[in-house]
Structures are given as C-alpha cells and as structure tokens.
Amino acid sequence: MRWPAAGETRAPYRVYEDQVLYAQEQERIFRGPVWSFLGLAAEVPAAGDYKATFVGDTPVVLTRDSAGALHCWVNRCAHRGALVCRELRGNVGANGTHTCVYHQWAYDAAGKLVGVPFRKGLGGKGGYPADFDMAGHGLQQLRVDTVGEMIFGTFDSATLPLREYLGAEHCANIERLFGRPITVLGHARQYFSGNWKLYAENSRDSYHGGLLHLFYPTFGIYRQGQRGWVHLSDNKLHQLLQVCKPADDQSIEHYQQASARKAESDAQLEAPEILRWIPELGGEISLTIHSMFPNVVLQQISNTLAVRQIQTKGLEGTELVWTFYGFADDSPALTAHRLKQHNMVGPAGFISMEDGEAVNICQQGIAGSLDATSVIECGGSSTDSMEVMGVDENGVRAFWAGYRRLMGL
Ligand code: FES
Ligand SMILES: [Fe+2]
C-alpha cells in the first residue's frame, strides 16, 4: 500500500480493510517497539493475583509474585500452545502455580516452567529425554514497567524506557490522576464492529466532542469554546486533551449559533445531580481524555475516572474494556456520586455509546472504497500541540504520523 502524497491529511480507507496490513500491525506495533497497557496495580494487589488480558491479538497474563513483583507472559503453553490461564482474573496463592489443564505443565508467577507430569516416564518407559531443559521451556515473557497505577508491557527488548516513551508531561498526568491509593469500582466491555484505528482516531478527535455527543452541550458539560488544550507527545503517539471547568454559567444559545445541529435545549434530566462536578485533584481541569498509543485512554470526565483498554478483535472488530476507579479515601457519598455518574460513559452510557456507533458507521461507509481516502484538514496540516484548543484534527493527523513511522508506510 502507498500512502497518499498529501500525507497525514488523508488516510486511505484500505488501512481499515486490509488483512495483510492487519497482520503487519500485530507484528510491527503490538509485538513491536511500543508499550501496551496491561492493567492497574490495584487489579492485582496481592501475591498470587493475576489478570488475563490481550496485547493486540495476543493473549497475555499479568501476575504478581510472592515478592510483590509484576510479571507478564504470553498465555500460550510452551508444550502444545493451549491457553494456560482460562479465567479473567483470580489468585493462585502466594507461591501457587498456573497449571495448563491439557497435560498439566505448571508455571510460576514469572512464567518459569516448574512442573512436567511423567517427566521420567512410567515404569522406565516414555517421559522426556535426560537432557530436557526445563529452563528452556518457560512462557514467553514481556518486559513490564509502571507509571503511577498503570502497568504496561512490551515484547521488544529494545523499546525505550516507559517514561521516555510516554514523555514527562504525559507521565505527570498519569501521576495526577493516580495521586493516591485507588479502589477499582468496576468494569464494562464495549464491542465495536469496526477497526481499532477508527477508535484510536475517535479518542484523539476533539472536533466531534460537542457535535456527536449532544449530551455534552445540552447539559453544559462541555462545549466548543471552553478553555482547554491538546498536547501531543514529541513522538506524536500520545495525546493529552484537557478542558477546564466552564468559567461561567453561559447559556447554550452561544453553542447553538455555532453548531450545525441544534442542542436539545428542552431535554430534562430526572436526576440532574449526574452532571455535578465535585472539584477534586486540586485544579480547574474537569475533563481529561488522555490517549496513549497503541491501546489505552485514561479519562476524567467530571468525577468519572476510568481507563479504557483497546483490544483488537480482527480486522473489523474492537473491544473496549473500561475499568472505573475512585480513591480509597473517597467518602461514601463521593463513591455513590461516581457510580451514578458512570452512566454517562460505557456501552450503554449517555455519551460514549455514540463513539461505538461512529466507529461502526465509518466501517460500514468505507466498504468497497479501498482506494478512496478520508479528509483530515480541520486546522490545516499541523500535527502540533495546541496551547489553546481550537477546532482542529491535529491529534488525528499526529496519530497517523506515528502509525506511518512504526509501519514503514
Ligand atoms: S498444552 Fe499445556 S500441558 Fe500440554
Ligand atoms: Fe466521542
């Protein structure tokens, strides 16, 4: 595939429809020189805890060993390839093992092979050769590192250290949103019938925020014109979008004049407290959408704090796994408020179900038009940060710049 001469202002629709490209992405991106999000430390707090997840298509397991160290290994038995771990999460005990159900090869938390049934055979017959090397048949390990609560893994031994990969400013935001011990409040899963890159673009696309998601402007949570900024990392891979709380109680008329669609100004909420922002984290920022390449978005939408992990499910499927959290020292009232406010996001939420639909209708619309391209010219051709958020697609172009570099396109 040749990228259009117009560069990042055009994405060829073939990029969402080509099986060969999809396989190359698994190799050059997900198993390549990037750090993929695996989970939160609070999801595996105790020795023996584990969580099964994915890096791209590859099933992996995140574990904590008896000394408290984190590990991640490919969930593929070294014997004949079966999934070793078949549960979503759990605990095998501090010194417990992960045992493959097929022939019961057993592995420790780090993925080291520690047990092979009938290794010496039975009655002098069968079994493994005398020089069979247990150390050479462990599970494939990933490098693991953390910033704040967030745990990342990489397949590539040459990937830059995690902090350099994310950049100082982006690490600082993670630390801001995980400034003290957290409590995981729950999970949700959202399936999109569309390619993962349509969602990667969507999460970096500030243009659609107040247009697709009418709940935002209708109820004054966000509208174009609120003070905010969009910061792209130097490598163009990660985007930090932040918006400050509205400076006044400006009516929606201003929004209605500028918008192509009219906000539904007569809509009423039965539970208006869902909109309330209880100031926290010591600042004016009330909205943060932090997209980290390739597979996670960290969000603060009012008091709804969550990470969204992007899992590829084939060329035309994507699963978004949401993990909602609060802080361990939250009052019961604040926890109740967060739980109620979670109704804004997730698969059945007032806001983010629409992103799933947007991904779906793009995938449907491009069918049969492999040689056509999108038009990504809002804000010109820049891929730079914006100190004052305007109306632009800089982050979408930046995504393609990073993608092209990794893919050699
Ligand atoms: S496939 Fe796992 S023990 Fe045989
Ligand atoms: Fe959206």
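How many aromatic pairs does the structure hold? The structure holds 18. Rings of Phe, Tyr and Trp (its six-membered ring) pair if their centres lie within 6.5 Å; planes under 30 degrees apart count as stacked, over 60 as edge-to-face and the rest as tilted.

This is a predicted model, in which local features need pLDDT of at least 70, side-chain atom pairs count only at pLDDT 80 or more, and totals for chains, interfaces and linings use all residues. Residues are numbered from 1 along each chain as its sequence is written, chains are lettered from A and ligands numbered from 1 in the order in which they are written, and side-chain values use heavy atoms, leaving out hydrogens and water.

Select Phe30 and Trp196. Their ring centres are 5.0 Å apart and the planes stand at 70°, so this pair is edge-to-face. Phe30 sits in helix 1 (residues 19-30) and Trp196 in helix 4 (residues 196-203), so the pair ties together parts 166 residues apart in sequence. Helices (H or I, at least four residues) are DSSP runs, numbered from the N terminus. Both Phe30 and Trp196 are buried (under 20% relative accessible area, 1.4 Å probe, protein chains only).

Phe399 lies in helix 10 (residues 394-407), so its pair with Trp196 in helix 4 links parts 203 residues apart in sequence. Phe399 is buried too.

Now widen the selection. Trp3, Tyr16, Phe30, Trp196, Phe293, Phe399, Trp400 and Tyr403 form one aromatic cluster.

Next, go to Arg31. Its charged end sits over the ring of Phe155, 4.4 Å from the centre (CZ of Arg or NZ of Lys within 6 Å of the ring centre and within 35 degrees of the ring normal). Finish at Lys313, which lies over the face of Phe54, 3.6 Å from the ring centre.

Methods
Helices (H or I, at least four residues) and strands (E, at least two) are DSSP runs, numbered from the N terminus. Buried means under 20% relative accessible area, exposed over 50%, partly exposed in between (1.4 Å probe, protein chains only).
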